[in-house]
Amino acid sequence: MPATSLAQPASQSFDVRPLQGLVGAEIVGLDLSQPLNDADFARVHRAHLDHHLVVFRDQHITPQQQIDFSRRFGVLQIHVLKQFLLAGHPEILIVSNIVENGQPVGLGDAGKYWHSDLSYKELPSLGSMLYAQELPSEGGDTLFADMHRAWDTLPAHLRAAVEGKQSVHSYTARYSDTQAAVNWRPNLTAEQLAQVVTVTHPVVRTHPENGRKALFVSEGFTTHIVGLPEDESRDLLAQIHAHSVLPENVHRHQWQAHDMVFWDNRSLIHLAAGCPDHLRRKLHRTTIQGDAPF
Ligand code: SIN
């Protein structure tokens with residue numbers, strides 16, 4: 001009998017091992033170069049929701065395989081900085097501090113400020129997959145703050161101050177700061193600016209899949225809280241941020257060769273801790289579109 005088109009790939013034998021601490025699980029033994037059957041995919045999806053971040057260890061996959069796997073979770077978003085998209089694979093943003101022949105090969109200062117990917121869009125990212133290509137021998141960690149825990153533990157007066165409020169997210173607000181530091185980012189064209197107009201989202205959002213509330217503001221993209229005087233808004237955002245990134249809310253990912261990390265942008269904000277300039281670091285990021293926050 002010929003196989004029907006509904007035939008599923010064989011199951012893979014893999015473990016989901018929660019990491020010590022708040023968030024994160026390692027997925028060991030899964031080969032993402034092979035298509036996943038529905039049951040294996042469901043386990044990965046569940047692990048992502050439960051742990052907010054999963055680390056697929058020891059992956060050897062092509063850009064197209066990363067894209068295909070990412071697409072199982074939703075539509076992929078194309079970054080506005082087209083010069084840092086992988087040739088032939090615009091779904092992949094190159095994150096790298098490497099400069100070749102005077103030209104940066106990727107976005108060198110991605111993640112310099114705490115942020116949730118693409119929160120400046122009407123439909124921010126559900127999650128991002130970052131796949132290690134070249135890692136420095138020192139530094140280069142990525143930090144993640146658990147915004148569910150940050151909300152759950154926020155002092156009552158701060159909860160009362162922000163519950164029900166909206167805030168504005170802007171891609172361009174800190175763009176000129178990053179230009180001033182190192183010139184990774186050329187001026188945006190009118191066409192690029194049209195893709196990153198400011199948006200308004202709730203300060204406290206409800207995760208559409210796990211039902212939990214999370215703070216949804218960040219130092220990277222949130223400019224102000226709607227309806228508050230500028231100084232009051234700045235002060236409130238600073239207090240919320242300081243609380244969100246308290247050590248007890250933060251997980252540090254120390255990269256291993258061939259890691260691919262998949263985090264939930266609805267639950268976590270993240271920060272690239274940086275590495276010495278002379279050490280090479282390069283990763284490939286896919287970014288999956290999520291729902292309008294509510
Ligand atoms: C990012 O913000 O997507 C990049 C994080 C990193 O380079 O560690």
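Biologist: About 260 Å³ of space lies in the second largest pocket. How many residues line this second largest pocket, and which of them lie nearest its centre?

Modeller: Please bear in mind that this is a predicted model. As a general idea, rolling a probe the size of a water molecule over the atoms shows where empty space is left. In the present case, 14 residues line the second largest pocket, and Arg174, Ser218, Glu219, Thr222 and Leu237 lie nearest its centre.

Biologist: Which elements each supply at least two residues of that lining?

Modeller: They are β14 (222-225) and α7 (230-244). The largest share, five residues, comes from α7. By class, the lining of the second largest pocket divides into six nonpolar, five polar and three charged residues.

Biologist: Let us turn to the cavities. How many cavities of 30 Å³ or more are there?

Modeller: A cavity is a set of points where the probe fits but cannot get out, whereas a pocket is an open set. The count comes to three cavities of 30 Å³ or more. The largest cavity holds about 240 Å³ of space. Of the 20 residues that line the largest cavity, Gly111, His115, Tyr171, Arg185 and Phe221 are the closest to its centre. This lining has nine nonpolar, five polar and six charged residues.

Biologist: Which cavity corresponds to the space taken by the ligand?

Modeller: The ligand takes the space of the second largest cavity, whose volume is about 90 Å³. Among the residues lining the second largest cavity are Trp263, Val95, Leu130 and His270. The classes in this lining are five nonpolar, four polar and two charged residues.

Biologist: Which residues surround the ligand itself?

Modeller: The shell consists of Val95, Ala110, Gly111, His115, Asp117, Leu130, Thr142, His270, Ala272, Arg281 and Arg285. These shell residues divide into four nonpolar, four polar and three charged. Asp117 belongs to the shell around the ligand, and Trp263 is one of the residues lining the second largest cavity.

Biologist: What percentage of the area that the ligand exposes when taken alone does the protein bury?

Modeller: Taken alone, the ligand exposes 260 Å², and the protein buries 100% of that area.

Terms used
Residues are numbered from 1 along each chain as its sequence is written. This is a predicted model: local features need pLDDT of at least 70, side-chain atom pairs count only at pLDDT 80 or more; totals for chains, interfaces and linings use all residues. Side-chain values use heavy atoms; hydrogens and water are left out. A residue is near a molecule or strand if one of its heavy atoms lies within 4 Å of it. Accessible areas come from the Shrake-Rupley method with a 1.4 Å probe; for residues, only the protein chains shown count as cover. On a 1 Å grid over the protein atoms alone, a cavity is a set of points where a 1.4 Å probe fits but cannot get out, and a pocket is an open set with protein on both sides within 12 Å along at least five of seven lines; lining residues have an atom within 4 Å of a point. A molecule sits in a cavity or pocket if more than half of its atoms lie within 2 Å of its grid points. Ala, Val, Leu, Ile, Met, Phe, Trp, Tyr, Cys and Pro count as nonpolar, Asp, Glu, Lys and Arg as charged, and the others, Gly among them, as polar. Grid points are joined across faces, edges and corners, and a volume is the space filled by probe spheres set on the points. Helices (H or I, at least four residues) and strands (E, at least two) are DSSP runs, numbered from the N terminus.
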